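Trainee: I would like to go through this model and ask what stands behind each term we use for it.
Mentor: Go ahead, and put the structure up.

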Amino acid sequence: MAGNADATVHKTPPRNSTLSADSEAGLKSTPLAVGSAAVSEHISTVGVEVNDVRPWIARDVQNFEKCKADTILQELLARCTGSSQNLSVSEKSKLLETALNAVLPICNVGAVAQEIKGHLTNFCDIEREPSTYAPFVKAANRALRELSKVNVDGIPAFKVDDKTNVLLHVNDPKPIYQDHQDKQSERKPDVVVVSHQTALGKKAHETQESQVLTETTCKSPKDNFQWTDVRSTLELKRTRKSLTHPPSVYKTDYVVPSPSAQYMEYKKDASGPAKPTGSTPATGSAQTPHEASNELRPSSQLSRGVKRKRGGNAEDRTEEKEPIKPHPIVQNGLYVAEMFAAHIARQHVISFIVNNDYIYIWFCDRETTIQGAAINFVQDLPRWLVLLLIMQRMGYEQWGLNRVFEPEPGFSGKVMIEDAQIDLELDVKSKERVTHFGIRGRATTVFPVKSEALSGLQRDPCFLNESPELVAKLYWPEETRQSEPDILNEVYKIAQTDPDVRGHVPELVWFHKFEETSTSKIRVALGLKDAERAEQGSRILYIIVFRKLIPITTLSGEEFIAAWWQVVKCHRALWKGGVLHRDVSPSNLMVYRLRGQFIGVLNDYDLSSFKRDGPRGLERTGTVPFMAADLLTPDGVAGKVEHVYAHDAESLIWVLTWVCLRYEGGNLLSKNRPLEEWLKVDASMCADKKAGFWSIQIRNVCPSTSHAESWDLVNKCFDGIHSIYLPSGYRKLTDESAFQLLLEGPMLEHESRRRTYS
């Protein structure tokens with residue numbers, strides 16, 4: 001069993017992983033998140049490319065939790081029984097002991113043992129990494145074939161089923177593609193875990209099993225695999241020329257790795273504020289073929305098989321350059337993000353890194369990543385065979401697939417929620433689907449949905465949106481945070497009496513919380529959390545169905561300004577009513593059409609809070625390019641700056657500016673987009689760029705043609721912002737003073753000027 005002494009590593013900021021009830025209560029605002037959650041929620045609206053998220057994914061996997069090898073094997077093995085939550089620690093330990101003894105004969109006895117040892121010996125003798133793939137896959141698949149005959153008490157017996165039975169398959173150098181809205185990713189994992197059906201396709205029954213083991217799976221596939229069919233990936237690295245050959249006899253004792261090899265490290269975490277680990281490299285950077293494949297390109301412009309040249313300029317880079325070839329931990333993180341993106345409700349991803357003769361298990365979910373300590377698969381073959389047994393006997397749920405939304409990979413039928421019997425027809429292939437690319441965070445996915453039961457529900461008269469279309473929002477909020485349905489319930493009470501709110505908030509039609517999906521369960525089981533801290537930082541799956549809205553970015557000119565101003569007034573009324581939104585971004589400003597006019601809506605309350613409660617949870621509130629500069633300081637990132645109304649007012653101005661500069665006629669500019677570098681820098685650097693913008697740059701930029709008449713309003717708003725950032729520090733304002741100075745005053749001047757010239 002793993003002890004707790006080395007169970008975790010520090011997060012950034014350090015409080016993210018160690019907040020006590022007392023310290024959390026002392027926060028004045030929620031600390032800024034690290035990792036892909038900081039940018040990947042808004043890929044489509046803000047214009048960030050999926051490839052730009054890579055440095056932030058590096059943060060996701062850099063700050064991992066540690067778990068002893070036997071502890072994670074015990075838990076994964078227990079999950080194969082279907083009743084892992086009911087097994088005690090001693091029972092899980094006994095199960096592992098039983099499994100080790102069951103596989104031991106395969107390691108030591110007969111021709112099969114010699115065959116596996118022969119493949120491992122070849123693996124040890126080969127110095128060139130790509131040449132090691134075949135013997136590794138041969139050893140694994142030969143073991144899987146023999147493991148199909150092994151029975152372990154409590155573990156379901158092997159059943160022949162080409163749809164579910166798995167094997168390892170060499171993939172590199174064949175690319176795997178995936179569409180992320182208008183971009184297409186191209187990645188080349190070394191080895192993948194796929195079903196027999198996926199590996200052999202239509203010829204599954206025509207191929208001899210020996211041919212599968214010796215030929216088919218040891219070469220890259222003829223046709224590209226799809227991420228929806230990939231159960232897991234293995235990233236192989238070879239840094240040592242010679243490896244010790246297999247022993248003559250194996251035992252079940254754990255072969256302890258050297259201290260330096262016990263866990264794979266990426267970068268030691270700093271105690272300071274979070275910032276991305278890198279950015280786009282300079283123009284002309286050298287690339288390996290493998291690195292060049294791990295890129296993203298416009299799916300409409302580049303045909304498959306054509307690699308994109310990377311470019312950039314001084315404004316596109318942070319101070320720290322991206323490595324020419326990503327660290328294997330980062331490569332593994334990119335593959336994990338692809339597997340998450342391929343399935344709308346995937347609970348977790350289990351992946352593997354093979355470094356020389358060590359294999360590391362990675363368990364990734366929306367809370368954090370967990371790394372299992374090294375298993376030397378050459379010297380500790382019994383544990384590797386137990387791991388292969390686990391992979392062979394795990395069902396869809398154990399691999400992380402959600403059986404409600406996806407009974408099997410590729411499922412697209414009707415969804416039935418068991419306790420409510422709601423019929424949901426999901427259009428997960430829709431071009432309107434808004435997806436998330438990353439690992440940690442809320443991982444919000446929005447897609448069209450149809451439901452006869454929900455369409456017939458009686459509506460509250462305070463909702464004016466007449467659209468018959470519904471959308472579903474699937475996401476992973478923190479368990480300790482006030483739920484979005486609870487927040488909206490309070491919002492709707494305010495809407496009953498306040499005309500600035502009525503009709504300007506989203507209509508929640510139905511929601512469901514999947515209680516069994518809490519990410520705390522695996523951490524409690526592994527000893528990474530105790531029962532008292534179980535929900536701290538943990539996430540749980542929600543689905544919420546709303547009436548469909550339209551992005552405000554599709555509007556221009558006075559239609560846009562009118563809708564934006566309606567959102568401003570709604571936000572102000574809710575703040576006065578005790579509901580603090582605190583996550584203003586272009587993605588959260590929406591509209592609908594009513595009697596020939598567009599009505600503005602303040603959307604997305606999953607990071608909101610009640611004034612009476614203060615901040616709850618550990619997740620960031622805000623998206624860096626739209627956050628007030630005062631919240632992007634080191635103290636702000638650490639949660640030591642109180643989040644006040646003036647900060648959200650400033651965010652509303654940044655959204656106004658962003659849309660005016662980057663959208664033309666309702667469409668995101670395809671090139672030469674101002675402020676692009678803000679999407680790629682850390683909080684501190686973004687704060688500097690904001691200050692430079694309102695002091696100098698604003699005089700040198702021009703709005704798009706369709707937003708030209710709004711630019712005088714932007715300038716007036718920035719006069720107010722400039723007046724609150726003084727050399728002596730941030731100027732504190734009352735909520736009403738901030739509203740008048742930053743928003744109402746400039747808007748009145750804008751309307752007066754428009755009436756004069758019209």
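Trainee: How many helices and strands are there in the protein?
Mentor: This is a predicted model, and the protein in it has 23 helices and 26 strands.

Trainee: How do you know which parts of the prediction carry confidence, in terms of pLDDT?
Mentor: The mean pLDDT of the protein is 83, and 81% of its residues reach 70 or more. Local features need pLDDT of at least 70.

Trainee: What share of the residues is buried?
Mentor: Buried residues make up 60% of the 758 residues; the cut-off is under 20% relative accessible area. The protein exposes about 29600 Å², and carbon and sulfur atoms supply 49% of that area.

Trainee: What share of the contacts with a separation of 6 or more comes from residues 24 or more positions apart?
Mentor: Such residues account for 78% of those contacts.

Trainee: Why is strand 15 called mostly covered?
Mentor: Six of the six residues in strand 15 (residues 470-475) are buried. Buried means under 20% relative accessible area, so each of the six falls below that value. Both faces are included: Leu470, Ala472 and Leu474 point one way, Val471, Lys473 and Tyr475 point the other way, and all are buried.

Trainee: In which sense do strand 15 and strand 17 pair, and over how many bridges?
Mentor: Strand 15 pairs with strand 17 (residues 541-547) in the antiparallel sense over six bridges. Tyr475 has Tyr542 in strand 17 as its bridge partner.

Trainee: Which strands pair with strand 10, and in which sense?
Mentor: Strand 1 (residues 64-67) pairs with strand 10 in the parallel sense over four bridges, with Gly372 of strand 10 as the bridge partner of Cys67. Strand 9 (residues 358-365) pairs with strand 10 in the antiparallel sense over three bridges, and Cys364 stands opposite Thr369. Strand 9 and strand 10 form a hairpin with three residues between them. In strand 10 (residues 369-372), Thr369 and Gln371 point one way, Ile370 and Gly372 point the other way, and all are buried.

Trainee: What is the strand order of the open sheet of three strands?
Mentor: The order is 18-20-21, with antiparallel pairing.

Trainee: Why do strand 18 and strand 21 count as edges?
Mentor: Strand 18 (550-551) and strand 21 (597-602) each have a single partner strand, so one side of each is left without a neighbour in the sheet. Strand 20 (residues 589-594) and strand 21 pair over six bridges, and Leu589 has Leu602 as its bridge partner.

Trainee: How do you know that the span of helix 22 is close to the expected one?
Mentor: Helix 22 (residues 711-724) has 14 residues, and at 1.5 Å a residue 20 Å is expected. The model gives 21 Å from the first C-alpha to the last. Its buried residues include Trp711, Leu713, Phe718 and Ile724. Among the elements that cover its buried residues are helix 18 (557-576), helix 20 (645-662) and helix 23 (735-757).

Trainee: Which members of the largest nonpolar core touch the most other members?
Mentor: Of its 87 residues, these are Val491, Trp564, Leu574 and Leu743. Helix 20 supplies the largest share of this core, 12 residues. Not counting residues up to four places away in sequence, Val491 touches Val501, Val505, Leu574, Val579 and Tyr605. Apart from this core lies another, of 67 residues, among them Cys67, Phe123, Tyr263 and Ile359.

Trainee: Where does Pro173 lie, between which strands?
Mentor: Pro173 is in the loop between strand 2 (166-170) and strand 3 (176-180). Leaving aside neighbours within four places in sequence, Pro173 is in contact with Lys188 and Ser220. The C-alpha atoms of Pro173 and Asp190 are separated by 7.5 Å, with the two residues 17 apart along the chain.

Definitions and conventions
Residues numbered from 1 in each chain as written. Predicted model: local features only at pLDDT ≥ 70, side-chain atom pairs only at ≥ 80, totals over all residues. Heavy atoms only, no water. Helix = DSSP H or I, 4+ residues; strand = E, 2+ residues; numbered from the N terminus. Expected span 1.5 Å × (residues − 1). Buried < 20%, exposed > 50% of the residue type's maximum accessible area, 1.4 Å probe, protein only. Contact = heavy atoms within 4.5 Å. Core = buried A, V, L, I, M, F, W, Y, C linked by side-chain atoms within 4.5 Å. Areas by Shrake-Rupley, 256 points an atom, 1.4 Å probe, with all protein chains shown as cover. Pairing = 2+ DSSP bridges. pLDDT = per-residue confidence, 0-100.
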